[in-house]
Amino acid sequence: MGEAERGESAPRARISFWCSNGHETQPSFAHDAQVPETWDCPRCGFPAGQDRDSPPDPPRTEPYKTHLAYVRERRSDADGEAILAEALAKLRGEI
């Protein structure tokens, strides 16, 4: 199956993108297509830009937090002690 059966292919341009790890990616785009500002690097997954000297910063990922970590952000140690004392009092039948 060749060009005669599929028709003429559109003229293409290869555009270079660089990620913060220095990887170069060269996807090809049709000449009349709009080229995106960033492209995902196929080697590391970081965003890549067309400026080799200042590639986009890698995304910041926050570590997984447990339920207890979120509670500790909202409550002080004194609040925690008060809640614990109240719960223990209910269990003992003091309240």
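**Reading a predicted fold, feature by feature**

Guide: H31 counts as exposed, at 54% relative accessibility. The model is predicted.

Visitor: Where does H31 lie?

Guide: H31 sits in the loop between β4 (28–30) and β5.

Visitor: Which residues does H31 touch, leaving out those up to four places away in sequence?

Guide: They are P11, R12 and A13. Take P11. P11 and H31 are 20 residues apart along the chain, yet their C-alpha atoms are separated by 5.9 Å. Then take R12. The side chain of H31 reaches the backbone oxygen of R12 at 3.1 Å.

Visitor: On to S16. Is S16 buried or exposed?

Guide: Buried means under 20% relative accessible area. S16 has 19%, so S16 is buried. S16 is placed in the loop between β1 (12–14) and β2 (17–19).

Visitor: Which side chains make polar contacts with the side chain of S16?

Guide: One is the side chain of E24, at 2.8 Å. Another is the side chain of Q26, at 3.0 Å. S16 is then in contact with E24, T25, Q26, G49 and Q50.

Visitor: T25 is on that list. What surrounds T25?

Guide: T25 lies in strand β3. At 10% relative accessibility, T25 counts as buried. Beyond its neighbours within four places in sequence, T25 contacts I15, S16, F17, W39, C41 and P42.

Visitor: How should I read the sheet? What is the strand order?

Guide: Read across the sheet, strand by strand. The order is β3-β2-β6-β5, an open sheet of four strands with antiparallel pairing. An edge strand pairs on one side only, and here the edges are β3 (24–25) and β5 (38–40).

Visitor: How many bridges join β2 to β6?

Guide: Two bridges join them, and the strands run antiparallel. Strand β6 covers residues 47–49. In β6, A48 is the bridge partner of C19.

Visitor: Now the aromatics. How many aromatic pairs are there?

Guide: Rings pair if their centres lie within 6.5 Å. By this rule the count is three aromatic pairs.

Visitor: Which residues do ring pairs link into a cluster?

Guide: F17, F29 and W39. Two of these names have come up already: T25 contacts F17 and W39.

Visitor: Last, the helix. What is the general idea?

Guide: An α-helix has 3.6 residues a turn, so residues three or four places apart point the same way. Helix α3 covers residues 77–92, which is 16 residues. From first C-alpha to last, α3 reaches 22 Å, close to the 22 Å expected at 1.5 Å a residue.

Visitor: What follows α3?

Guide: G93 follows α3. The phi of G93 is positive, near 80 degrees.

How values were computed
Residues numbered from 1 in each chain as written. Predicted model: local features only at pLDDT ≥ 70, side-chain atom pairs only at ≥ 80, totals over all residues. Heavy atoms only, no water. Phe/Tyr/Trp six-rings, centres within 6.5 Å; stacked < 30°, edge-to-face > 60°. Expected span 1.5 Å × (residues − 1). Buried < 20%, exposed > 50% of the residue type's maximum accessible area, 1.4 Å probe, protein only. Polar contact = N/O pair within 3.5 Å; in protein donor to acceptor, adjacent residues only side chain to side chain. Contact = heavy atoms within 4.5 Å. Pairing = 2+ DSSP bridges.
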